[in-house]
There are 2 protein chains.
Amino acid sequence: MANLSTQPYKGTRDFYPEDMRLQKYIFSVWRTIAEAYGYEEYNGPTLELTDLYRSKTGEEIVNEQSYTFTDRGGREVTMRPEMTPTLARMVAARQQELNYPLRLYNIGNRFRYERPQKGRFREFWQMDVDIFGVEDISAELEVIKLASNIMKAFGAKDEMYKIRINSRKLVSLLLGEYLKLDIQDALRMTKLIDRKDKMSEAAFAQQAESIMGKDTDKLMALLSIKSIDGLPADVIESGTVEDLRQLFEKLSAEGVNNAQFDLTLMRGLDYYTGIVFEIFDTSPDNNRSMFGGGRYDDLTAVFGAPSIPAFGFAYGDAVMSEFLIGHNLVPDLASSTKVAVLSIGDTAETAQNLSSELRKAGINVALDTGERKIENKLKATIKNKIPFAIFVGEEEAKSQMYSLKDLKSQKEQKLSTADIVQKLK
Amino acid sequence: MANLSTQPYKGTRDFYPEDMRLQKYIFSVWRTIAEAYGYEEYNGPTLELTDLYRSKTGEEIVNEQSYTFTDRGGREVTMRPEMTPTLARMVAARQQELNYPLRLYNIGNRFRYERPQKGRFREFWQMDVDIFGVEDISAELEVIKLASNIMKAFGAKDEMYKIRINSRKLVSLLLGEYLKLDIQDALRMTKLIDRKDKMSEAAFAQQAESIMGKDTDKLMALLSIKSIDGLPADVIESGTVEDLRQLFEKLSAEGVNNAQFDLTLMRGLDYYTGIVFEIFDTSPDNNRSMFGGGRYDDLTAVFGAPSIPAFGFAYGDAVMSEFLIGHNLVPDLASSTKVAVLSIGDTAETAQNLSSELRKAGINVALDTGERKIENKLKATIKNKIPFAIFVGEEEAKSQMYSLKDLKSQKEQKLSTADIVQKLK
């Protein structure tokens, strides 16, 4: 038989400890900020019946990009391409018993059969953050602040990203009552505006004409509006933008300075019903949307449950790590192991006992009692990013004083076990 | 269209925050102990080419219990039923660059299409712990101590579990040279002994006869041996049990008192080549194997890589939580949220500012500025297992002194923000 390949399945990644350190760092910052705002972690199955996604997720994803198959019992199942349908199912299942405001987050993997490319994988990780049961804009305020604080917790400065905010209710009003498009045309126009940044002005104008006819001046005038106050007077007077105005005021009062109104922001998904937002990387090399979310108030209805107000976003690991690498924000990530205890000569038992003592004091220890040369043991320690080494030779075993070496500063000291504990804690 | 079901896919679980707390507790203890011994976390893809499992995993699992399907590109893929094949692939891919001893652990989900029953799910979580590059029994000593320390870290007493240890080399010697079985019959006998506890004595004797003929006395005598010294003299003299003897001595010297020799322990998997072990629940209600592992030295050969000594085990989440529940070892698990800030009347802004202050001090805060009655807000806080509540009424907003209530002791105090921080940190 030919040898098996050592490559991972196409579009997926192996995470060796050094890759895992970066991912764990990202997850831990996500977790810290979500929990600071009172969000609790939940999880659901990797597999769901395909019908769940048929009712919730875009057709393109289910029909062309999902991992869908028939299980051994004849059920059609799909590996989750996103978390929101599972979350909606879980909330609907216990809608009466759950306590509101309900704050939930999940960090887990999702699966899409797409052409692998830079920053896009067939298995990727996402954090989903959602709040249920809050109708007023305190939900928007909290979640957008949380999203912005995630960026700040990674060391991002205000100028490295901007927060674009829009309202789907406002868009409906403008396309329907102001531009007089019917529901079908308004939907087509929404999708066209969503792709505006990815096409030439001429192509956009042509496609806009094919939807609404020659007279696109009013549309173009709308799309050039850069602030709420630039909107048509009757739209402002209708009160539709009051929530947006308040949201911007409160964000600014709480020190979020890089939020801006953007009437072209749509956030593809069909289920958004109110305010939508997006975090945008301003770096010239990587000028693009990083993540976003919005208000969706009708998601549990498909289970026969009453509708419930909700606001949330999802954030991918690959986009996050590219942002960190692009802006030089990845910190020096050491091993979870604090010290390697390296025995030289016939000192295995002493090294063993010393390791046990250190572990009892809460220090993570990798013990090496093998017969390789000490240079090789030390080299492996450094490569594994372990910050300290202790040498246990026969003299040290006798005197119970051990050489502790700081592998960064290269300084070495002879210390008792108690002093080593104090130094490493 | 009929309403969608809110049930999870058969054999899988939804983890609401209260379920997640127990799982996170289990994972965090696993992680703490594995890292104390210098193991670093890795991960691999959920999907692998099915051929990887064909070469490594038992036929029954691949052919009858796996989630196997053809992807949109025509590749036959399987959702991982276990982690070891992925790990072997990853180690083989970088065998030259990796640093030994190489200590790795993974905590992640696995998938098996089995009939769901108590403690057995179609999606379950496991910790895998493995050390590579150590030929002598210091690997066994370290990993078995680590496994035992996991039990202790969960609060298990020595008498709640025992550690059964055997040697596959010894079993080969006894079945081959001592009982004179050929390789095929020895393998059948191994599998029969593996199932011994699950069948009657008569059924065992009958099947043993069908393998080796009428004269099963020598076999029965062997299987009744309870200590290394009870083995046939020529087996002891051959040196085959020296490593076992040393292992028991060292385990005992390091305070592991519940390890015992068990010649009937086989640990199903075909790839074990040396010492095997198992942690066994001694509770009368749940008397069974919890988890185990062993030495496997040839696992990377199938990739064309040189073989490399390895020792490891895998441990499931459902078995662990049943042990904890059965022995009453589940601690009181609070929410990750420390305090709920509950505004009463027109105090949303004050409550908001107070929450921001507390978060800056590293305290996890759930803010509730909604218009529900304060009794309902408090009830939701208690149900969500948040240990403290702060009431922000109009008087408190004016005086900047807030009522902090400890929801366990029911004590309430009026405190400044600084005092609240000090109290909650």
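In the predicted model, strand β12 (residues 339–343) of chain A pairs in the parallel sense with strand β14 (residues 388–392) of chain A over five bridges. Strands are DSSP runs of E of at least two residues and helices are runs of H or I of at least four residues, numbered from the N terminus; two strands are taken to pair if DSSP finds at least two bridges between them. Within this pairing, A340(A) stands opposite A389(A) in β14(A). Both strands belong to an open sheet of five strands in chain A, ordered β13-β12-β14-β15-β16, with mixed pairing. Its edges are formed by β13 (365–368) and β16 (412–415) of chain A, each of which pairs on one side only. From one strand to the next, the twist averages 25 degrees. Helix α14 (residues 374–383) of chain A lies across β12, β13 and β14 of chain A and runs at about 170 degrees to β12(A). Axes are lines fitted to C-alpha atoms, for helices over the stretch in contact, and angles run from 0 to 180 degrees between N-to-C directions; contact means heavy atoms within 4.5 Å.

Residues are numbered from 1 along each chain as its sequence is written, and chains are lettered from A and ligands numbered from 1 in the order in which they are written. The model being predicted, local features need pLDDT of at least 70 and side-chain atom pairs count only at pLDDT 80 or more, while totals for chains, interfaces and linings use all residues; side-chain values use heavy atoms, with hydrogens and water left out. Chain A averages a pLDDT of 93, and 99% of its residues score at least 70, where pLDDT is the predictor's confidence in each residue, from 0 to 100. The model scores are ipTM 0.93 and pTM 0.94.

Antiparallel pairing is found between strand β2 (residues 47–49) and strand β4 (residues 76–79) of chain A, which are joined by three bridges. Here L47(A) stands opposite M79(A) in β4(A). Strand β3 (residues 67–70) of chain A is likewise joined to β4(A), through four bridges and in the antiparallel sense, and the bridge partner of F69(A) is V77(A). The hairpin of β3(A) and β4(A) has five residues between the strands, and G74(A) in this hairpin takes a positive phi near 85 degrees.

Helix α12 (residues 317–326) of chain A is largely enclosed by the rest of the structure, because eight of its 10 residues are buried. A residue is classed as buried under 20% relative accessible area, as exposed over 50% and as partly exposed in between (1.4 Å probe, protein chains only). The buried residues of α12(A) include D317(A), E322(A) and F323(A). Among the elements that cover them are α1, α5, β6 (123–132), β9 (275–281), β10 (288–295) and β11 (310–316) of chain A. After α12(A) comes N328(A), with a positive phi near 60 degrees.

Across all chains, 23 aromatic pairs were counted. Rings of Phe, Tyr and Trp (its six-membered ring) pair if their centres lie within 6.5 Å, with planes under 30 degrees apart counted as stacked, over 60 as edge-to-face and the rest as tilted. Y25(A) and F154(A) form an edge-to-face pair, at 5.6 Å centre to centre and with 80 degrees between the planes. This pair links distant parts of the chain, 129 residues apart: Y25(A) lies in helix α1 (residues 17–36) and F154(A) in the loop between α5 (138–153) and β7 (161–167) of chain A. Y25(A) counts as buried at 19% relative accessibility, and F154(A) is buried at 3%. In chain B, F132(B) and Y296(B) also form an edge-to-face pair, at 6.4 Å centre to centre and with 90 degrees between the planes. The two residues are 164 residues apart, F132(B) being in strand β6 (residues 123–132) and Y296(B) in the loop between β10 (288–295) and β11 (310–316) of chain B. F132(B) is buried, with a relative accessible area of 2%, as is Y296(B), with 3%.

The charged end of R13(A) lies over the ring of F121(A), 3.9 Å from its centre, and that of R122(A) over the ring of Y113(A), 3.9 Å from its centre.

Conventions: Lys NZ or Arg CZ within 6 Å of the ring centre and 35° of its normal.
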